[in-house]
Amino acid sequence: MSTVTESAVRSALATVEDPELNKPITDLGMVKSIDVDGDHVAVEIYLTIAACPMKSTLTTRTREAAEGVEGVARVTVTTDVMSDEQRRELRTRLRGSGAEPVIPFAQPESTTRVFAVASGKGGVGKSSVTVNLATALAKRGLQVGVVDADIYGHSVPHMMGSDHRPHQVDDMIIPPQAHGVKIMSIGHFLEGNSPVVWRGPMLHRAIQQFLADVFWGDLDILLLDLPPGTGDVAISVAQLVPNAELLIVTTPQAAAAEVAERAGSISQQTRQRIGGVIENMSWMDMPDGSRMEIFGSGGGQVVADRLSEITGGEVPLMGQIPLDPNLRIGGDLGNPISMSEPDSPAGKALGAVADKLATRRQSLAGRQLNLGVAGQ
């Protein structure tokens, strides 16, 4: 006599998380039916959309969970698609019933650390640093998201090896994932290599939508890959996420350091904290063990010292990333060196910076403490 019960199967399915929403499918209302016939279990699950990119992953995880129930010999998993009403209910379950979406990272109760990766000029490897830090942090078990805020020069999807498009649940956008990182870029919405020809207000609206209309879930860290300079997007990010910390990327050469200092000085106007300076392309390790400093030396420390002086607080040099052809190759192939070669000199340097970013500074500012006065 079979002892398999529907409740036992449902308990097993509670361990299956939707890979995009990071919540159990039982909590999301995605289990349509469970039928038990002796040692055979038939499960039907809902997909948010017919072309759900995670269909295979969801059915595999559901099957494996059901097969783990004692007494189950065979499992059949089928799928159906949510109705418009069910998608609205799912959106309300995830985001609440508020009519206007808010930017969760700008709320006082948010525990997500937001880092805006900036540079004074192009060509210093800012996007490479961003995607490698993101993947290194995800590899350490953190929930990480990346906003490709460089609207004109978007490159994050290519460097992360992502060709999936976001999909919509009601009016909520579900971001694609790559290497365990949630990503959002204007590149997801363009055909081929089409250029973006927008004025400032459109840039602001795009960044606002990426932050408010996208369901990011409970992130530990959000990285924003800013365009070079101190223009519209940098100002928009400062307005929309005033708690975002700046990470300034530079190369060692004096000219790049001077411009990077200018990019960091924007914090005086925006009241943002500077998390630190990252020096990229610091040197190249030669076969004989020596170092070739192709772009000179000392620029990162100069920027850190000058920004410390300007802001009146300590701005550390968080790391020096050596010049490594494999870092470039990894970006071209969509396989960041933090994932493919974490023990290489560049991989270790990026990992060390990721370790510093992963260290949370707890703050009680803006939080309700729920303290009371007890009588004696």
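A crossing of two helices is called right-handed if the near helix is turned clockwise from the far one by less than a right angle, and left-handed if the turn is anticlockwise. With that in hand, let's walk through this predicted model, beginning with a helix pair to which the term applies. Helix H8 (residues 254–264) passes helix H10 (residues 299–311) in a right-handed crossing. Their axes come within 9 Å and cross at roughly 35 degrees. On the H8 side, the residues that meet H10 are Ala257, Ala260, Glu261 and Gly264; their counterparts in H10 are Gly299, Val303, Arg306, Leu307 and Ile310. Sorted by class, this contact has five nonpolar, two polar and two charged residues. As a general point, an α-helix has 3.6 residues a turn, so residues three or four places apart point the same way.

In an unreviewed entry, UniProt places the feature "domain: MIP18 family-like" at residues 7–77. This span is 28% helix and 27% strand, and its end C-alpha atoms lie 17 Å apart. Look here for an open sheet of three strands, ordered S1-S2-S3, with mixed pairing. Strand S1 (31–37) and strand S3 (74–81) are the edge strands, each pairing on one side only. Neighbouring strands of this sheet are turned by 15 degrees against each other on average, direction ignored. Between strand S2 (residues 40–47) and S3, eight bridges hold a parallel pairing, and tyrosine 46 stands opposite aspartate 80 in S3. Two helices accompany these strands. Helix H1 (residues 6–13) packs on the sheet and touches S1 and S2, with a direction about 135 degrees from that of S1. Helix H2 (residues 55–67) lies across S2 and S3 and runs at about 145 degrees to S3.

A second open sheet is built from eight strands in the order S8-S9-S5-S10-S4-S11-S12-S15, again with mixed pairing. Its edges are strand S8 (177–178) and strand S15 (317–321), each of which pairs on one side only.

Glycine 125 is in the loop between strand S4 (113–118) and helix H4 (126–139), whereas lysine 126 is in H4. Glycine 125 counts as buried because its relative accessibility is 18%, under the 20% cut-off. Lysine 126 is buried as well, with a relative accessible area of 6%. Setting aside neighbours within four places in sequence, glycine 125 contacts Asn280 and Met281. With the neighbours left aside in that way, lysine 126 touches residues including Asp150, Asp225, Pro227 and Val249.

One last stop is helix H7 (residues 232–240), whose buried residues are Val233, Ala234, Ser236, Val237, Ala238 and Leu240. These residues pack against S4, helix H6 (200–212), strand S10 (221–225) and helix H9 (267–270).

Notes. Residues numbered from 1 in each chain as written. Predicted model: local features only at pLDDT ≥ 70, side-chain atom pairs only at ≥ 80, totals over all residues. Heavy atoms only, no water. Helix = DSSP H or I, 4+ residues; strand = E, 2+ residues; numbered from the N terminus. Buried < 20%, exposed > 50% of the residue type's maximum accessible area, 1.4 Å probe, protein only. Contact = heavy atoms within 4.5 Å. UniProt positions renumbered as here; feature names shortened; annotations may be inferred. Axes fitted to C-alpha atoms, helices over the stretch in contact; angles between N-to-C directions. Nonpolar A, V, L, I, M, F, W, Y, C, P; charged D, E, K, R; others polar. Pairing = 2+ DSSP bridges.
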